[in-house]
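Here are a few notes for your read-through. Please keep the structure open as you go.

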Amino acid sequence: MDNNFQAYNETADILKALAHPVRLCIVRGLLEKGTCNVSHMQECLDLPQSTVSQHLQKLRSMGIVRTDRNGLEVNYSVVDPRIKIIISTFLGGEMNNE
């Protein structure tokens, strides 16, 4: 048994970020679609834009997603390669892009 708690803390933090159903849905959708803007996510999730933005900020702060600006539009995408593995492990049968 090793005591590399820093690595365990990082992993635990990533899993905590993914543990919320809305964030899990956002990440899964981004993996399937590639990129997406907040307005589209808000419509798909049927949630207020402010709620979606708060969840995206949490995912950004954890380094799970990144933003790319295209004029006035801000698109989000998943950047941490470990996330696809995690999502496909738990939702593998439901994912389209594997």
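Predicted model: local features only at pLDDT ≥ 70, side-chain atom pairs only at ≥ 80, totals over all residues.

1. Every value here is computed from it.

2. Start with helix α2, residues 21–33. It has 13 residues and reaches 18 Å from its first C-alpha to its last. That is close to the 18 Å expected at 1.5 Å a residue. G34 follows α2, and its phi is positive, near 100 degrees.

3. Look next at which side chains α2 hides. Its buried residues are V22, R23, I26, V27, L30 and L31. An α-helix has 3.6 residues a turn, so residues three or four places apart point the same way.

4. Now the packing. The axes of α2 and helix α3 (residues 38–45) come within 11 Å and cross at roughly 120 degrees. Roughly perpendicular ends at 115 degrees and roughly antiparallel begins over 145, so α2 is oblique to α3. The crossing is right-handed. From α2, the contact uses V22, C25, I26, L30 and K33. From α3, it uses H40, M41 and L45.

5. Leaving out residues up to four places away in sequence, D68 touches E73, V74, N75 and S77. D68 and C36 are 32 residues apart in sequence and 9.9 Å apart in space, C-alpha to C-alpha.

How values were computed. Residues numbered from 1 in each chain as written. Heavy atoms only, no water. Helix = DSSP H or I, 4+ residues; strand = E, 2+ residues; numbered from the N terminus. Expected span 1.5 Å × (residues − 1). Buried < 20%, exposed > 50% of the residue type's maximum accessible area, 1.4 Å probe, protein only. Contact = heavy atoms within 4.5 Å. Axes fitted to C-alpha atoms, helices over the stretch in contact; angles between N-to-C directions. Parallel < 35°, antiparallel > 145°, perpendicular 65-115°, else oblique. Left-handed = near helix turned anticlockwise from the far one by under 90°.
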